[in-house]
Amino acid sequence: MRKDAFVRTSDFLSLSIQIYNILINTGNEIFTSLQDLLTRRKQKILLVTHENPDGDAIGSSIGLGEVLLHAGHDVKIVVPNDYPLFLHWFSSNVEIIVHIRQKKEARIHFEEADLLICLDFNETKRTAQMRKKVEQFSKIKVLIDHHPNPSEFCDYMISEPEYSSTAELVFDVIDRIHLMQHLHHHAAEALFAGIMTDTGSFSHNISRPQTFQTIARLMEWGIDTEKIHAAVYHNFSAHRMKLLGYSLNQNMEVLPEYRTAVMWLSQKELEEHHFQPGDTEGFVNYPLSIRDIVFSALFMEKNDHVKISFRSKGNFPVNDFSRTHFTGGGHRNAAGGECALPLDQAVEKFRQLLAGYKHQLLETTI
Ligand code: 5GP
Ligand code: MN
């Protein structure tokens, strides 16, 4: 690319960013306080994210963690449980502690941190076994998240549901608190991966032109987007592919009268397919590629409950559905929840509920 063309692109982007409203929910005083905190002296900063961390959870944590580390802070990431192998390729100097396996280290970091930054979740319940530690943390707590309706559990709440991903939001926060000079290649890779995974490779969750502007700006750090895509999506085990084939072939029920499909997996079936964390990531999206299906659900049997993923197309709000019937939440088109019933009864409860939504499902526009 010609150098002068590159400069013109950057000028155009910074101009457009000023024109569009960004960070509309967050008052200036929050950024001023954060900037003050992060530029005055070295801080011990703990970044935490939600259970079963996904690409956005890990990407936004590593992206922000790398920037804060580069800015001279002492930074650690604590995640509630293990994250998938396809998210282990990041180059990062920020240590990631897995709470479920490293409770003692996690406890020490919670005790010693000056600042706790909560990324990609809107209620403390999402941190599972870490919940008490997050709630009882007595120093400054910051939320950076894009899920709607957050509970007020932080001193500084940066909650922007218009954003595609927490990673995209982190990029703007870094800009806003004047830490952009500390963004570097590895951080840019992590933030790109967060945006890519939460938007299904830029196919959903994008309602603002700024998302693509942020991607364009991240590419100025020389990241290899094809390499990142392959690292995430071409990195599965053969067992995982067979589990996907089995789930679609044996355990998918299509209910055209409700424009809905449901899938389920028992613990026994998961074990038979050598299940590893992250293996079922994305399974729930497949039924949405059936013509006319607008609502998809995946029920997975865990030790003491059933974990459910919901996805939809168009204006059918799966977060409301999940909140009402399965103590869950999330985004309009991607949500999760849980159920204390045995697996078959949980799926049956779902089937029974559909009649009450028939009209809404049939009216759903894509
Ligand atoms: P997934 O189906 O990929 O686990 O989750 C989809 C979306 O729903 C994510 O944005 C996730 O944060 C949210 N989500 C998943 N499970 C729950 C839950 O139990 N409660 C709430 N409030 N949100 C959830
Ligand atoms: Mn997210």
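## The shell around ligand 1

The shell around ligand 1 divides into 2 nonpolar, 8 polar and 4 charged residues; here Ala, Val, Leu, Ile, Met, Phe, Trp, Tyr, Cys and Pro count as nonpolar, Asp, Glu, Lys and Arg as charged, and the others, Gly among them, as polar. Please keep in mind that this is a predicted model, in which local features need pLDDT of at least 70 and side-chain atom pairs count only at pLDDT 80 or more, while totals for chains, interfaces and linings use all residues. Residues are numbered from 1 along each chain as its sequence is written, chains are lettered from A and ligands numbered from 1 in the order in which they are written, and side-chain values use heavy atoms, with hydrogens and water left out.

Of the 14 residues around ligand 1, Glu 123, His 147, Lys 307, Ser 309 and Arg 311 come nearest (a residue is near if one of its heavy atoms lies within 4 Å). The table lists polar contacts, that is, pairs of N or O atoms within 3.5 Å.

| Side chain (polar atom) | Atom of ligand 1 | Distance |
|---|---|---|
| Arg 126 | oxygen | 2.9 Å |
| His 147 | oxygen | 2.7 Å |
| Lys 307 | nitrogen | 2.7 Å |

Taken alone, ligand 1 exposes 500 Å², and the protein buries 87% of that; accessible areas come from the Shrake-Rupley method with a 1.4 Å probe.

Strands E10 (306-312), E11 (329-330) and E12 (334-339) each supply at least two shell residues, and E12 gives the most, with 4. Strands (E, at least two residues) and helices (H or I, at least four) are DSSP runs numbered from the N terminus.

## Elsewhere in the fold

Phe 326 sits in the loop between helix H12 (318-325) and E11. With 0% relative accessibility, Phe 326 counts as buried (buried means under 20% relative accessible area, exposed over 50%, partly exposed in between, with a 1.4 Å probe and protein chains only). Its C-alpha is separated by 9.3 Å from that of Lys 307, 19 residues apart along the chain.

Helix H7 (residues 185-198) is largely enclosed by the rest of the structure, because 12 of its 14 residues are buried. Among them are Leu 191, Phe 192, Ile 195 and Met 196.

Most residues other than glycine have a negative phi. Arg 259, between strands E7 (252-255) and E8 (260-265), has a positive phi near 50° and is buried at 9% relative accessible area. Asp 292 has a positive phi near 80° and, at 48% relative accessibility, counts as partly exposed.

Methods: A polar contact is a pair of N or O atoms within 3.5 Å; within protein, one must be able to donate a hydrogen and the other to accept it, and residues adjacent in sequence count only if both atoms are side-chain atoms.
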